[in-house]
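Me: I have just opened this entry and would like to go through it step by step. Could we look at it together?

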Amino acid sequence: MTRKQKRLSVIVAGLAFLAAATGLTFYALGQKASYFYMPGDLATATVQPGQRIRLGGLVEKGTIVRGQGATVAFSVTDKQKSVKVTYTGILPDLFREEQGIITEGSFGADGIFVADSVLAKHDERYMPKEVADGLKAKGVWQESKSE
């Protein structure tokens, strides 16, 4: 084998290794991806029970019900549709009615969203980007002039 052939085989082997590493990385990330939906988007989406997603919107007024222990039930709305959510755990301090939130979890067989994490905004001016974009697209939320 000549020097040129050896060099070419090392380059080809290196490119094959990089391609395999890239493919495995994308495969692993694809398995962990959780897609973002607003309640109105769920009517047209095909979300299987048990499929992990992110659900965002506003906590619907008058729907927060504290259950046994640390279990809380509430509804997330985009002012067009709403989705019932249950969460067991400690809620963020800023969680309240008509608050922008993002929940992560999956739908149970009964159609209720079972969240395993709840994220709320951290001050008066912040709304999670995905929620703000979704509400703006539906014409429900507008940015204040002070931002």
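Me: To start with a detail, which backbone nitrogen does the side chain of D110 reach, and at what distance?

Reply: The side chain of D110 reaches the backbone nitrogen of I112, at 3.2 Å. Please keep in mind throughout that this is a predicted model.

Me: Where does D110 lie?

Reply: D110 is in the loop between strand 6 and strand 7.

Me: Is D110 buried or exposed?

Reply: D110 counts as exposed, because its relative accessibility is 59%.

Me: What separation is there between the C-alpha atoms of D110 and P49?

Reply: Those two C-alpha atoms are separated by 8.8 Å, while D110 and P49 are 61 residues apart along the chain.

Me: Let me step back. How many helices and strands does the protein have?

Reply: There are two helices and seven strands in the protein. Along the sequence they follow the pattern α-β-β-β-β-β-β-β-α.

Me: And what share of the residues is buried?

Reply: Of the 147 residues in the protein, 29% are buried.

Me: Now to charges. How many salt bridges does a search of the whole structure find?

Reply: The search finds three salt bridges.

Me: Let us take them in turn. How far apart are the closest N and O atoms of R52 and E104?

Reply: In the salt bridge between R52 and E104, the closest N and O atoms are 3.1 Å apart. R52 belongs to strand 2 (residues 52-59) and E104 to strand 6 (residues 100-107), so this pair ties together parts that are 52 residues apart in sequence.

Me: Which side chain meets that of R52 in a salt bridge at 2.7 Å?

Reply: That is the side chain of D116, with the 2.7 Å taken from N to O. Since R52 lies in strand 2 and D116 in strand 7 (residues 113-120), the pair ties together parts that are 64 residues apart in sequence.

Me: How accessible are R52 and D116?

Reply: R52 is partly exposed, with a relative accessible area of 35%. D116 also counts as partly exposed, at 46% relative accessibility.

Me: What about E104 and R54: what is the N to O distance there?

Reply: The side chains of E104 and R54 meet in a salt bridge at 3.7 Å, N to O. E104 is in strand 6 and R54 in strand 2, so the pair ties together parts that are 50 residues apart in sequence. Both E104 and R54 are buried. Through shared partners, the salt bridges join R52, R54, E104 and D116 into one network.

Me: Why does E104 count as buried?

Reply: E104 counts as buried because its relative accessible area is 18%, and the cut-off for buried is under 20%.

Me: Which residues form the nonpolar patch?

Reply: The nonpolar surface patch consists of I11, L15, F17 and L18, which together have about 450 Å² of accessible area. Among them, L15 lies in helix 1 and is exposed, with a relative accessible area of 54%.

Me: Changing topic again, what is the phi of K79?

Reply: K79 has a positive phi of about 70 degrees, although K79 is not a glycine. K79 is found in the loop between strand 4 and strand 5 (82-88).

Me: And what is the phi of E98?

Reply: The phi of E98 is near 55 degrees, again a positive value in a residue other than glycine. E98 sits in the loop between strand 5 and strand 6, and E98 is partly exposed, with a relative accessible area of 47%.

Conventions
Residues numbered from 1 in each chain as written. Predicted model: local features only at pLDDT ≥ 70, side-chain atom pairs only at ≥ 80, totals over all residues. Heavy atoms only, no water. Salt bridge = Lys/Arg side-chain N within 4 Å of Asp/Glu carboxyl O. Helix = DSSP H or I, 4+ residues; strand = E, 2+ residues; numbered from the N terminus. Buried < 20%, exposed > 50% of the residue type's maximum accessible area, 1.4 Å probe, protein only. Patch = residues over 30% accessible without salt bridge, like charges linked within 9 Å, V, L, I, M, F, W, Y side chains within 5 Å. Areas by Shrake-Rupley, 256 points an atom, 1.4 Å probe, with all protein chains shown as cover. Polar contact = N/O pair within 3.5 Å; in protein donor to acceptor, adjacent residues only side chain to side chain.
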